[in-house]
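Hi,

Here is the structure I promised to pass on.

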Amino acid sequence: MRETVLWIRSILFVISWYVITLILFILFSPTLLFSCKAAGCFPRFWSKMTPKLLRLICGIQLDVQGLENLPQQNGYIIASKHQSAFETGLFHGLIPHVFYVLKKELLYIPIAGIYFLKTGCIPIDRGGGAKTMRKMLTGVKKHLDDGMNLVIFPEGTRTKPGTKKPYTPGVAFLYEQCKVPVVPVALNTGYCWPKNQIKKYAGKVTLRILPPIEAGLDKREFLNLLYNRIETAQDELPNPFKS
């Protein structure tokens with residue numbers, strides 16, 4: 001019986017989430033005619049709607065900790081653990097003027113691709129080599145100078161709770177070149193919204209924002225510090241299913 005209820009609630013969430021997302025796409029479409037920040041109204045509203053929908057339908061509660069650790073001045077990088085689709089859009093509702101570096105194939109998603117571009121996301125060809133990296137860096141620096149904040153997942157892909165994976169050198173490259181603070185983020189969303197699963201498990205998940213790492217460190221020193229800070233915080237986060 002419990003398994004049946006779990007499936008019903010999970011499927012109801014997926015259907016509701018897609019329907020509401022489509023409605024919001026349409027309602028906010030006029031913002032695409034204006035500035036990047038104006039177009040950001042949609043993802044900000046949408047990212048606040050998703051946790052409420054998860055709580056209402058699936059019984060998933062989100063506890064956000066450490067907002068006081070965010071730099072006072074915009075133009076910084078968020079380096080976050082990545083366990084589920086939950087946090088992919090969550091930061092829009094927590095941090096002002098967020099943008100992402102994403103694979104160019106995502107631009108082919110109907111309607112969403114237009115929003116990705118208009119809200120400042122930077123598409124890259126993962127096989128593009130040095131030329132692609134230079135173009136990406138130019139775009140990132142411009143957005144940071146304009147007071148936007150980059151979100152990056154240093155593992156490069158979603159990982160299951162408890163899994164430790166080396167961080168990609170891309171985050172260290174951006175840290176060195178952009179010379180801005182990097183804010184580490186730990187989370188345990190993968191317990192309740194597992195990777196590649198429809199089922200959503202009721203529980204309380206945590207997103208913990210850690211003190212920023214200021215600019216000026218050597219790339220290797222920075223990457224080791226980032227890894228240790230995030231993974232140490234990860235180990236401290238509770239398993240929602242254990243008392």
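Let me start with Val64: leaving aside neighbours within four places in sequence, Val64 is in contact with Leu94 and Leu207, where contact means heavy atoms within 4.5 Å. This is a predicted model, so local features need pLDDT of at least 70 and side-chain atom pairs count only at pLDDT 80 or more, while totals for chains, interfaces and linings use all residues. Residues are numbered from 1 along each chain as its sequence is written, and side-chain values use heavy atoms, with hydrogens and water left out.

Val64 is part of strand 1 (residues 60–65); helices (H or I, at least four residues) and strands (E, at least two) are DSSP runs, numbered from the N terminus. With a relative accessible area of 25%, Val64 is partly exposed. For that label, buried is under 20% relative accessible area, exposed is over 50%, and partly exposed is in between, using a 1.4 Å probe and protein chains only. Val64 is 90 residues from Pro154 in sequence, and their C-alpha atoms are 20 Å apart in space.

Now the cores. A nonpolar core here is a set of buried Ala, Val, Leu, Ile, Met, Phe, Trp, Tyr and Cys residues joined through side-chain atoms within 4.5 Å. The largest one has 36 residues, and Phe13, Ile78 and Phe91 touch the most other members. Helix 1 (2–27), helix 3 (41–58), helix 4, strand 3, helix 5 (112–118), strand 6 and strand 7 each supply at least two residues of this core. Helix 3 gives the largest share, seven residues. As for Phe13, not counting residues up to four places away in sequence, Phe13 touches Thr50, Leu53, Leu54, Ile57, Cys58, Trp193 and Lys200. There is also a second, separate core of 24 residues, which includes Val140, Leu144, Cys178 and Phe222. In soluble globular proteins, nonpolar side chains tend to be buried together.

Strand 5 (residues 149–152) is worth a look too. Both of its faces are covered: Asn149 and Val151 on one side, and Leu150 and Ile152 on the other, are all buried. Strand 5 runs parallel to strand 2 (residues 77–80), with three bridges joining them; two strands pair if DSSP finds at least two bridges between them. Ile78 has Val151 as its bridge partner in strand 5. Strand 3 (residues 98–103) is also parallel to strand 5 and joined to it by three bridges, and there Phe99 stands opposite Leu150.

On to empty space. Rolling a probe the size of a water molecule over the atoms shows where empty space is left. On a 1 Å grid over the protein atoms alone, a cavity is a set of points where a 1.4 Å probe fits but cannot get out, and a pocket is an open set with protein on both sides within 12 Å along at least five of seven lines; lining residues have an atom within 4 Å of a point. Grid points are joined across faces, edges and corners, and a volume is the space filled by probe spheres set on the points.

The structure holds one cavity of 30 Å³ or more, and the largest cavity has a volume of about 70 Å³. Its lining is made up of Cys36, Lys37, Gly40, Arg44, His92, His97, Val98, Thr119 and Met148. His97 also has a positive phi of about 55° although it is not a glycine. His97 lies in the loop between helix 4 (86–90) and strand 3 and is partly exposed, at a relative accessible area of 23%.

The second largest pocket has a volume of about 220 Å³. Lys104, Ile122, Pro123, Ile124, Asp125, Lys131, Thr132, Lys135, Met136 and Gly139 line it, and the largest share, five residues, comes from helix 6.

Lastly, two loop residues. Asn196 has a positive phi near 60° without being a glycine; Asn196 sits in the loop between strand 6 (182–187) and strand 7 (203–209) and is exposed, with a relative accessible area of 64%. Gly156 is in the loop between strand 5 and helix 7 (170–178). Gly156 and Tyr167 are eleven residues apart in sequence and 7.4 Å apart in space, C-alpha to C-alpha.

Cheers
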